[in-house]
Amino acid sequence: MALTPTEIRDQIVLDPAGDFAAVYEACYPVVYRAVRGVVLDPQVAEDVTQDAFLKAYRARERFRPTGRVEAWLCTIAVREAISRLRWTRLQRRLLDLGRRQVGVDAMPANLTDRLDDLLAGLSPKQRALVVLHFLHGYRYREIAVMLGIPEGTVASRLSQAMSLMRERATRPDESGPDPRWTKQRQ
C-alpha cells in the first residue's frame, strides 16, 4: 500500500534550521492553500506564500519543535496574508479619498503632488516612518530595527504624523502654514 504525500510528510521530521529546502518542498502546497483561502486571489496568494517562506527562512533558527512545522509556517503565512489585505484596503481607501477630494472617478493628476505636500509638512523622522510603513509596507518592529528606535516610539510617532496629515488634508484654508506644522518640522 502506497503512502499519500500527506502521510509521507507526517512521517518525516522536518527541521527548518537543518534542511529548509525539504521544509519548503513538503509544506508549500499546504501553506499556499491556507493563504489562498484568506486572500482569494491566486496571484496574490503566491506572492504572500513566497513572502511567508522568506520570513520563515529568516526565522528558521528560532523555530521550536513544539508542534508541526506546517502549523508554524501557516501561522506566519496567514498573518502575512491578513497584513497584505489590510495594506491593500488602506491603499484603496487612500485612492478613494483622493478621488473624493477632487470630485472625479479618474485618478487625479495632482494626487502625487498632494501627497508630497502632506509629507512635506512632517519632520524628516515622521516622514520616514510614514513612507516606510505605508508606502513600503514595513511593520513597526521592522522600522524600529531600521531606525534604531523602540517599537513604541515608531507607533506613537506614526500616529502623530498621520494625525497631522489628516488635519492638514481636511483644513479648508490652505493659504498659510499652520504654526504647529512649522514647530513640528524643526
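Is Tyr24 buried, partly exposed or exposed? In this predicted model, where local features need pLDDT of at least 70, side-chain atom pairs count only at pLDDT 80 or more, and totals for chains, interfaces and linings use all residues, residues are numbered from 1 along each chain as its sequence is written. Side-chain values use heavy atoms, with hydrogens and water left out. Tyr24 counts as partly exposed, because its relative accessibility is 29% and that class lies between buried, under 20% relative accessible area, and exposed, over 50% (1.4 Å probe, protein chains only).

**Aromatic rings**

- Seven aromatic pairs are counted, a pair being rings of Phe, Tyr or Trp (its six-membered ring) with centres within 6.5 Å, called stacked if the planes are under 30 degrees apart, edge-to-face if over 60 and tilted for the rest.
- Tyr24 and Phe53 make an edge-to-face pair, at 4.8 Å centre to centre with 70° between the planes.
- This pair links distant parts of the chain, 29 residues apart, with Tyr24 in helix 2 (residues 20–39) and Phe53 in helix 3 (residues 42–58), helices being DSSP runs (H or I, at least four residues) numbered from the N terminus.
- Phe53 counts as buried, at 4% relative accessibility.
- The pair of Tyr28 and Phe53 is stacked, because the ring centres are 5.9 Å apart and the planes lie at 20°.
- Ring pairs join Phe20, Tyr24, Tyr28, Tyr32, Phe53 and Tyr57 into a cluster.

**Helix 7**

- Met146 has its place in helix 7 (residues 140–147).
- With a relative accessible area of 41%, Met146 is partly exposed.

Methods
Helix = DSSP H or I, 4+ residues; strand = E, 2+ residues; numbered from the N terminus.
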